[in-house]
Amino acid sequence: MAARPNKQDNYGFTMQFKDDSQGFINDEDRVNCPFYFKIGACRNGDRCNRAHVKPNSGHTILIPHMYPCIPEAMAVSNDDDWDDETYARQQEHLELFYEEVFMELAKFGEIEDMVVVDNVSDHMLGNVYCKYFREEDAAKAAEAMANRFYGSRLITVEYSPVLDFREARCRAFHETRCARGGVCNFMHIKHIPKAVKRHVVRQMYEEHPSYAGARAVLAGRPPTKKRKVTPQKQQTAEE
């Protein structure tokens, strides 16, 4: 198998659980689903025998199944046989998608981070998570994006309990290699080069100079110290 190099379809818009080093959750809550609490998704869905307490507000929105996984992307996600050309095609497609969606979501407020997951399980395939600095901006995005189309896909939006993508990701996948592959229940976050992220962030501030972080970035200075975001209280089924 070829090593992953370090970049077309344009679909377009028409309108506290602790985990160990291997990614297993220490199950301390017998009422609430630890996977949904930590990752915002559970393979059992409504059939889960524990509670999925869905937030009705927050800083993070989830757009399920938004990323259109082309065959090349599925081959890489499933760890099938692929070569450098296959990886390059899927990476180019991913980066074009990332930039387009990031800039669309940035219309509603200042984005702290956005990720696309690499998992292939039905409940996680193509999921896009976007975290805003301000809760009210996430609310605007959720309202504006709902029931639009991306290509032929009807967009649905929900709030996610995920507050830190680093805590929701699969450590094995990001540090070495995950033995579970694409069916892992923790986030396998698709690789977006730092240069691409810097480009979309700068573009966001150029188009929206009133955003809080714009002055520093547009002046070519390092971003100011990360703003504190007061985490919303996590509800439980017992409350």
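**Aromatic pairs and an open sheet**

Ring pairs join Tyr67, Phe97 and Tyr150 into a cluster. Rings of Phe, Tyr and Trp (its six-membered ring) are paired if their centres lie within 6.5 Å; planes under 30 degrees apart are stacked, over 60 edge-to-face and the rest tilted. The structure is a predicted model, in which local features need pLDDT of at least 70 and side-chain atom pairs count only at pLDDT 80 or more, while totals for chains, interfaces and linings use all residues. Residues are numbered from 1 along each chain as its sequence is written, and side-chain values use heavy atoms, with hydrogens and water left out.

Searching the whole structure gives five aromatic pairs. For tyrosine 129 and phenylalanine 165, the ring centres lie 6.2 Å apart and the planes meet at 70°, so this pair is edge-to-face. The two residues are 36 residues apart and link distant parts of the chain. Tyrosine 129 belongs to strand β3 (residues 128-132), phenylalanine 165 to helix α5 (residues 165-168). Helices (H or I, at least four residues) and strands (E, at least two) are DSSP runs, numbered from the N terminus. Tyrosine 129 is buried, at 0% relative accessibility. Phenylalanine 165 is also buried, at 7%. Buried means under 20% relative accessible area, exposed over 50%, partly exposed in between (1.4 Å probe, protein chains only).

Strand β3 also takes part in an open sheet of four strands, ordered β2-β3-β1-β6 with antiparallel pairing. The edges are β2 (111-116) and β6 (158-159); each has a single partner strand, so one side of each lacks a neighbour in the sheet. Strands pair if DSSP finds at least two bridges between them. Five bridges connect β2 and β3 in the antiparallel sense. Aspartate 113 stands opposite lysine 131 in β3.
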